[in-house]
Amino acid sequence: MALTTTNPTSTASWKKLNELYQKNKGISILDFFSSEQNRVKKFQVEAANLFLDFSKNKISSEAFQCLVELAHELGLKEGIQAYFSGDEINETEGRAVLHTALRNPYSKVKVNGELVSELVNKSLNKIEGFTQKVHSGAWKGYSGKSIKHVVNIGIGGSDLGPNMVVDALAYYQQPVTTHFISNVDGDHVHEILNKLDPETTLFIVVSKSFSTQETLNNANTSRDWLLKHTTQTEVAKHFVAVSANVEKAIEFGIDKAHVFPMWDWVGGRFSLWSAAGISIACAVGFDNFKDLLAGASEMDEHFRSASFDKNIPVILALLGVWYGNFYKAESEAVIPYSQYLQKLASYLQQASMESNGKSIGRDGKLVNYQTGSIVWGEPGTNSQHAFFQLMHQGTQLIPADFIGFLKPLHGNQHHQDLLMSNFFAQTEAFLKGKTAEEVKKELKQQGKSDEDIDKLLPFKVFEGNRPTNTLLAEKLTPKTLGSLIAMYEHKIFVQGFIWNVFSYDQWGVELGKQLANTILRDFSIDEPQNHDPSTQQLIDKYKKARS
Ligand code: F6P
């Protein structure tokens, strides 16, 4: 079944939401707390290893219910069904979207007559065997030494997800170091290779297409580096691939038996659960990789079965629509209070912005409302000392997800208390702000004169009333991480569904790639080319520097 093509603004619920927005916008979140009985209890959900408190939002219970109605009116239930059933919801590429099947060993879904779970389970067995070989020391390099370094070569979805997860699960690291080469920047490649020993290094080239410029060039450079120490026949001992393009991987010098599968029904940015996540299994062990999948699967179950008003991904998605389309907020921040999650925001940037940064609706028409959202963030408490000033006192509304863990991994309770007190303090400060009266009182206590107080007062007032969601989990484990990532994947699906866009293609990245190839050719051509005057000037300057 194809996804519906309804313009959300044409629905009755959208019209009602507009009215509710007018009614709500002058009411503060604190007023909602006073006027709505049991708001905290009503606006919280505990499911799939996560606890969500969404009571600190600029929304009345009535408007929230109306958002839920919007989801029903647009047919989200059927949409979710189509998503999980393997229907071709990636219509512009003619593909199913089945990353959820990667974490469901019992899935009954078939694609082109093939039972997806059979392919998935076979791939998982292969990942397990490979990981064990690396960890046990049975996998040997050209000189007979075991592997100590694993390098993931990939970009976009073939890098960001695995890279983020390996960092996030560093606590569970096995005695193999993991590295990531992504950027085509030669200095980046050099810096990584420089740390490695060719005898004990294994490269995993991850590219669904096996045609991505960055990945192929980085793989070639890494192979050249290896070949300074050994011969072409030994390349297969140091390179494996994850790709849907087996021939190209073999052409590169990789043994057919060491090409792990990727399928066209898994989008790059949702592929960390497949063999694209093999660097994760190498870093933290296969059992932890399976726990990651299990956590995601629990979130899948919750998402499929919970009613929309108690459904974590649906709630987060609806709130995002509320802020983006009614409050006209353009961005949202993700603030994990865990340094392990330092790459979460960049991972989510691709997952979310490549998915929903579209302006053509599923009906093929230009949309007349805002889609997508700029996702950004950094771990707390660092972010507090960087950009929180703008979030507290700037002119823009930036809804934020705060993510934290009740228990630390290394057991340092003192630091944990400091960390979490900052977490809760910030969400309280965003909510309550600081009134002129409070500022006045404080300055008086500090002994300031009335004149000084009048002068300083406006600068020290915090308006407050800024929305946050709080997400808590017991501990940062592979399982909770799996649930957290799957939660955001489903939020992205729901938002794309509501915005009536195709979330699983990415045509917008193609133009730049084409032009880069043209410009690369033009670096070695003398005749003037067909570029705009500014670009031509830059190319000329560059050509002069390289000659
Ligand atoms: O350029 C965007 C993109 O196509 C992403 O969607 C994808 O994750 C990335 O490039 C890498 O693609 P591949 O795995 O085919 O090398």
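Predicted model: local features only at pLDDT ≥ 70, side-chain atom pairs only at ≥ 80, totals over all residues.
An oxygen atom of the ligand lies 3.1 Å from a side-chain N or O atom of Lys513. In Ser158, a side-chain N or O atom is 2.7 Å from an oxygen atom of the ligand. In Glu354, a polar side-chain atom is likewise placed 2.7 Å from a ligand oxygen.

Let me turn to the surroundings. Which residues come closest to the ligand? Of the 14 residues around the ligand, the closest are Gly157, Ser207, Ser209, Thr212 and Glu354. Sorted by class, this shell consists of nine polar, three charged and two nonpolar residues.

My second topic is the aromatic pairs, of which the model has 37. Such a pair is described by the distance between the ring centres and the angle between the ring planes. I take one example, Phe43 with Phe54. The centres of these two rings are 4.7 Å apart and their planes meet at 10°; planes under 30 degrees apart count as stacked, so this pair is stacked.

Where in the chain do Phe43 and Phe54 lie? Phe43 belongs to the loop that runs between helix H3 (39-42) and strand S1 (44-47). Phe54, for its part, is found in the loop between strand S2 (50-53) and helix H4 (61-74). The two residues are 11 residues apart, and their pairing links distant parts of the chain.

Technical notes:
Residues numbered from 1 in each chain as written. Heavy atoms only, no water. Near = heavy atom within 4 Å. Polar contact = N/O pair within 3.5 Å; in protein donor to acceptor, adjacent residues only side chain to side chain. Nonpolar A, V, L, I, M, F, W, Y, C, P; charged D, E, K, R; others polar. Phe/Tyr/Trp six-rings, centres within 6.5 Å; stacked < 30°, edge-to-face > 60°. Helix = DSSP H or I, 4+ residues; strand = E, 2+ residues; numbered from the N terminus.
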